[in-house]
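Hi,

Here is the structure I promised to pass on. Have a look at it first, and my notes follow below.

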Amino acid sequence: NFYYFRRESNRMSFNQVNGVKILVLTWVSLYALHIQVGEAKPHILLVVIDDLGWTDHTVYVGKHGTDIQSPNMEKLAKTGILLDNYYVQQVCSPTRTALMTGRFPFRVGMQHSTTILPGSMAHVPLETPLLPEMLKTEGYETHMIGKWHLGYAKEEYTPTGRGFDSHYGYYQGMVDYYTKDVGFHNSYWRGYDFWFNGKPLREAVGGYSLDQYMDRMYTVVDEYTMKYQSEEEQGGNPLFLYMSHQTVHIPIQYRNQEEGCSKIKNSPRRDYCSMIVELDRSIQQTVDKLKQSQLWDNTLMLLTTDNGGMVNFMHNESGYPTLAASAGSNYPLRGSKSTLFEGGVRGTAFINGGKHIIDDKARGSTYSGLMHAVDYTAMILGQANVKKEVTLSRDQKSQKIDGIDLFQSLNKPYGEISTPPLPKRENVPVNINYGGSKYTGSSNLAYIYISV
């Protein structure tokens with residue numbers, strides 16, 4: 001039972017030779033012009049923030065109060081298009097499945113809260129094409145940094161087995177920011193989980209993950225611009241950079257105590273704040289690097305959380321969160337990560353990009369139409385001009401993607417009436433009901449319905 005939110009001759013004469021030269025030169029000139037006016041396939045920057053709560057930032061400033069400031073994300077949202085009615089799944093793997101496949105996770109067996117625990121054989125079916133695989137059919141360079149959490153039991157389940165040219169990061173749901181260990185003390189499934197292109201990266205031990213991800217980001221961009229130096233080359237081989245951040249998933253570990261967080265009295269929340277401030281700064285640094293590398297003008301940036309924030313529902317005597325609690329906040333939304341209430345499935349999201357991508361008249365607008373993470377995939381595929389047949393499932397069980405390309409609906413001047421009407425989403429399956437034993441939710445414009 002599916003419950004829905006209610007909210008597609010061998011010798012040439014001299015003249016012939018010169019004619020060919022002129023034709024080639026003209027074609028090259030036209031191609032360069034094609035790139036310059038922004039009609040080339042865009043670079044794609046997909047940013048996923050792990051466990052970011054509704055009130056853990058100032059992206060929706062004015063809609064609710066918060067004790068954590070995120071000026072860089074706030075500015076990017078204000079100068080881009082804010083998504084105010086955007087939904088994800090309740091935990092990591094299902095949302096990441098949606099983003100990488102464009103399909104609702106129940107279609108490929110990845111909807112469960114406990115889908116991929118350490119030691120699991122679970123993975124996104126190989127018959128289902130993933131986003132990097134689809135983008136590579138249009139010439140994209142594909143690079144991933146950070147958290148995978150979509151299968152690792154075999155090499156072909158990992159990022160470099162599923163279309164990414166490179167991956168720097170970890171496979172599981174969480175790791176220590178310094179030791180790169182997965183698991184907890186006294187746990188039988190502890191182990192090392194930090195990899196570079198399928199090989200354990202032991203030298204990463206001791207460094208703070210966010211710093212290492214940023215160093216890798218700089219390397220990826222520098223290597224890309226050295227390999228493809230002209231606009232023509234870049235236009236034929238655009239960059240897809242998937243920044244799948246570890247922050248702010250537990251454990252609560254920061255690099256430095258940020259001064260802007262010092263007024264927060266609650267100790268775990270104060271430490272959590274420092275993690276977000278560091279992350280906020282890194283997101284702006286990523287954008288700045290693309291600008292310095294002259295890639296930003298033709299870049300589409302999409303930012304999302306994977307689920308709602310995890311709250312401090314379980315703690316020790318000093319009030320510090322214990323497994324698997326954290327210090328997030330989704331106020332005023334009900335619930336948290338792992339629940340199907342709004343606090344678990346309503347996501348923080350916005351898009352931005354360069355002058356060839358985002359209409360100036362659309363900047364600063366808010367899109368309140370219903371959206372889901374699968375629509376991000378559809379928009380990316382649409383902008384990349386990926387052919388429909390490439391997106392079909394190879395096992396024929398789930399042929400079409402569920403995502404709707406809403407880019408034109410978002411990227412238009414506020415209040416402009418389109419004829420014919422642009423696409424919109426009217427429903428979202430939240431989850432599957434197993435005989436009433438699992439939470440199942442649905443919502444329309446005004447309410448959320450939970451079936452037990």
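Which backbone nitrogen lies 2.9 Å from a polar atom of the side chain of Asn330? That nitrogen belongs to Gly309. Before I go on, a word on the source: this is a predicted model, where local features need pLDDT of at least 70 and side-chain atom pairs count only at pLDDT 80 or more, while totals for chains, interfaces and linings use all residues. Residues are numbered from 1 along each chain as its sequence is written, and side-chain values use heavy atoms, with hydrogens and water left out.

Back to Asn330. The Asn330 side chain also has a polar atom 3.2 Å from the backbone nitrogen of Trp54. Both pairs are polar contacts (N or O atoms within 3.5 Å; within protein, one must be able to donate a hydrogen and the other to accept it, and residues adjacent in sequence count only if both atoms are side-chain atoms). You'll find Asn330 in the loop between β12 and α8. Helices (H or I, at least four residues) and strands (E, at least two) are DSSP runs, numbered from the N terminus. Asn330 is buried, at 3% relative accessible area. The cut-offs are under 20% for buried, over 50% for exposed and partly exposed in between, with a 1.4 Å probe and protein chains only. Setting aside neighbours within four places in sequence, Asn330 has contacts (heavy atoms within 4.5 Å) that include Gly53, Thr55, Gly308, Val311 and Ser336.

Next, the sheet. It is open, has 10 strands with mixed pairing, and runs in the order β10-β9-β6-β5-β11-β2-β12-β13-β3-β14. Two strands count as paired if DSSP finds at least two bridges between them. At the edges sit β10 (199-200) and β14 (365-367), each pairing on one side only. Helix α9 (residues 373-383) packs on this sheet and touches β2, β3, β12 and β13; the α9 direction makes about 170 degrees with that of β12. For that angle, axes are lines fitted to C-alpha atoms, for helices over the stretch in contact, and angles run from 0 to 180 degrees between N-to-C directions. On the β14 side, β3 (residues 81-83) pairs with β14 in the parallel sense over three bridges, and Ile81 has Ser365 as its bridge partner.

Seven of its seven residues are buried, so β12 is largely enclosed by the rest of the structure. In a regular strand the side chains alternate between the two faces of the sheet. Here Thr299, Met301, Leu303 and Thr305 are on one side, with Leu300, Leu302 and Thr304 on the other, and all are buried. β12 pairs with β2 in the parallel sense over seven bridges, with His43 standing opposite Thr299. With β13, β12 runs antiparallel over five bridges, and there Leu303 is partnered by Phe350.

- The Thr247 to Val248 peptide bond is cis, with omega near 10 degrees; Val248 is in the loop between β11 and α7.
- The Tyr331 to Pro332 bond is also cis, with omega near 5 degrees, and Pro332 is in the loop between β12 and α8.
- Asn197, in the loop between β9 and β10, has a positive phi near 55 degrees and is partly exposed at 31% relative accessibility.
- Asn385 has a positive phi of about 60 degrees without being a glycine; Asn385 is exposed, at 54%.

Cheers
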